[in-house]
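Me: I am new to this structure and would like to learn how to read its features one by one. Can we begin with paired charges?

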Amino acid sequence: MATHDNSDSKSITNEKLDAVHVENGVAEQHDICTPEEVQGRYPLLRDLNRDQMASLNKKVLRKLDWRLMPTITIMFLLNYLDRINVSNARLAGLQEDLNMSDTVWNAGISTFYVGYLVGQLPGNLWLAKANPSWFLPSMMLAWSAATISMPAMTSGVGFCICRFFIGLTEAPFFPGITLMTSSWYTKEENPMRMAIWHAGNTISNIISGFLAAAILENMDGIANLHSWQWFFLIEGAASILVALIAFFLLPNWPTNTRWLSEQESEMAQYRVVLSNGGHDEGVGGTWDGLKAAALDPFTWLFCGMHFSLINAQSFKDFFPSIMKTFGFSKLNTYLVQAPPYAIAYLTACLCAYSSGRFGESCYHIIVPIVASAVGCITLISTLNVPARYIGAILLVSGTYNGLNLQLSWETNLVPSPRSKKAALIAIANCVSQTSHWFSPYFFPTSQEPYYRLGGGLILFGCVCTVLLCFAIKWRVMKLNKVLDEQEGWTEHSGNEKGWRFMS
């Protein structure tokens with residue numbers, strides 16, 4: 001990490017928490033910052049007593065939870081629904097109607113992630129300086145327009161083109177809402193809030209099964225359209241409606257949200273500054289943020305972890321096809337996809353609450369990932385349906401838990417400036433999405449019913465995730481030890497303990 005130890009640079013920019021500047025064994029002093037000192041920075045908060053501060057904090061948190069959380073959860077649900085709907089549309093005849101081979105189909109799935117990768121970094125860096133209340137809904141309108149065009153496809157080439165543009169326009173959304181959440185909530189609140197909107201991912205899988213059962217089984221031939229064409233028309237129309245509503249509901253940043261009073265705005269800033277050890281998140285220069293992220297070892301460790309988790313989750317685009325091998329009817333195949341994701345949502349909320357409550361991320365990721373590995377081994381080693389279904393539940397639950405907590409962990413460890421945090425999130429997501437260029441080829445229909453080639457990729461992702469968790473925890477312990485030495489803090493020293501990295 002780059003180190004800047006002079007008063008001029010400190011007055012110009014909050015490039016980073018001083019505590020994290022550790023390079024070649026040299027660390028900068030991170031002053032202990034009390035809540036009273038941070039409160040004194042804000043004119044409208046200075047004279048409030050402890051009870052008034054607590055009451056105002058609850059009021060701001062309640063506003064956020066009732067406006068931000070439901071909006072981005074529904075937006076993310078529809079964002080992710082598109083990816084699962086493609087898999088269900090395949091079961092309804094999309095691949096056959098467009099005369100696509102398995103190779104062309106997999107090329108279309110991979111092309112989505114080419115567009116996704118291209119739009120990822122510039123989109124998130126742009127968002128760091130833009131207002132989310134117009135940027136994110138605009139992106140949603142763009143991908144909805146592309147989705148609603150999919151019924152017009154007549155060939156595999158059209159499929160690939162549509163998927164590319166949908167990936168390109170969806171690219172800034174996932175890292176964007178990750179950045180927004182970390183910029184509004186404290187490090188204790190982050191894991192649970194990310195679990196809430198990340199539930200859009202799991203809920204979309206539940207809804208997709210029921211939608212598939214309702215639409216794909218009953219609407220074929222209406223208005224001379226295939227059922228899969230109706231699938232995309234209905235999905236695209238719903239996304240457009242939600243995007244229009246989001247223009248009015250989403251906040252911008254703590255400093256410029258129109259539906260917060262001036263005092264509430266100061267409280268929103270106070271909450272995050274205190275959580276960041278007394279440092280304002282700031283914005284920072286776009287290129288400075290990108291450079292700082294590229295030089296931070298945490299960026300590349302989280303790149304590796306995110307890449308590994310996406311590999312462990314590579315089954316998701318093929319989950320309907322995997323469930324088909326259980327021998328259920330087409331209708332039941334749609335329906336039995338729902339319970340694993342419902343259980344995944346419940347366990348994700350429990351793990352996120354525990355992680356925030358105890359300030360621990362490493363083992364909260366490792367334990368679910370080990371459970372996923374057990375589930376994967378079960379799926380690729382037996383044809384016993386009850387055992388395989390339990391394996392599917394473990395596989396889905398563990399990987400979604402791991403991904404959710406990884407997102408909150410990376411933003412807690414690199415909390416400022418916003419441009420750097422945006423770059424880290426985008427870089428990690430970019431690198432992770434490259435797995436989609438090759439992972440579809442690990443799940444050809446010739447691998448049914450075991451899909452052992454894909455199972456090997458999933459297990460590889462699980463093992464790498466565990467190793468990288470330990471690597472990040474080791475680095476966190478190393479940095480925290482430096483901070484302990486700087487402050488002269490020990491368990492029995494009697495000194496006040498300052499800000500620390502979350503392990």
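Reply: Side chains of opposite charge can pair when their charged atoms come close. In this predicted model, the side chains of Asp-296 and Lys-420 form a salt bridge, with N and O 2.8 Å apart. Asp-296 sits in the loop between helix H12 (286-295) and helix H13 (297-312), and Lys-420 sits in helix H19, so the bridge ties together parts 124 residues apart in sequence.

Me: Are Asp-296 and Lys-420 buried or exposed?

Reply: Both Asp-296 and Lys-420 are buried.

Me: How many salt bridges does the count come to?

Reply: The count comes to seven salt bridges. One of them joins the side chains of Lys-63 and Glu-264, at 3.0 Å from N to O. Lys-63 is in helix H3 and Glu-264 in helix H11 (residues 262-275), so this pair links distant parts of the chain, 201 residues apart. Lys-63 is partly exposed at 27% relative accessible area, whereas Glu-264 is buried at 3%. A network of salt bridges links Lys-59, Lys-63 and Glu-264.

Me: Which residue forms a salt bridge with Arg-90?

Reply: Arg-90 pairs with Asp-102, and their closest N and O atoms are 3.4 Å apart. Arg-90 lies in helix H3 and Asp-102 in helix H5 (residues 102-129), so the bridge ties together parts 12 residues apart in sequence. Arg-90 is buried, with a relative accessible area of 10%; Asp-102 is partly exposed at 26%.

Me: How do I read the nonpolar residues?

Reply: In soluble globular proteins, nonpolar side chains tend to be buried together. Here the largest nonpolar core has 136 residues, and Phe-298 and Phe-315 have the most contacts inside it. Helix H3 (residues 50-91) gives the most to this core, with 18 residues.

Me: What is Phe-315 in contact with?

Reply: Leaving aside neighbours within four places in sequence, the contacts of Phe-315 include Ile-322, Tyr-341, Leu-395, Val-396 and Phe-443. Leu-395 can also be placed relative to Ile-377: the two are 18 residues apart in sequence and 9.4 Å apart in space, C-alpha to C-alpha. Ile-377 belongs to helix H17 (residues 362-381) and is partly exposed, at 45% relative accessible area.

Me: What does Asn-429 touch?

Reply: Not counting residues up to four places away in sequence, Asn-429 touches Tyr-116, Gln-120, Phe-174, Pro-175 and His-306. Asn-429 is in helix H19 (residues 418-433). With 1% relative accessibility, Asn-429 counts as buried, because the cut-off is under 20%.

Me: How many disulfides does the structure hold?

Reply: The structure holds zero disulfides. For Cys-303, the nearest cysteine sulfur is that of Cys-430, 8.6 Å away. Cys-303 is buried, at 3% relative accessibility.

Technical notes:
Residues numbered from 1 in each chain as written. Predicted model: local features only at pLDDT ≥ 70, side-chain atom pairs only at ≥ 80, totals over all residues. Heavy atoms only, no water. Disulfide = S-S within 2.5 Å. Buried < 20%, exposed > 50% of the residue type's maximum accessible area, 1.4 Å probe, protein only. Core = buried A, V, L, I, M, F, W, Y, C linked by side-chain atoms within 4.5 Å. Helix = DSSP H or I, 4+ residues; strand = E, 2+ residues; numbered from the N terminus. Contact = heavy atoms within 4.5 Å. Salt bridge = Lys/Arg side-chain N within 4 Å of Asp/Glu carboxyl O.
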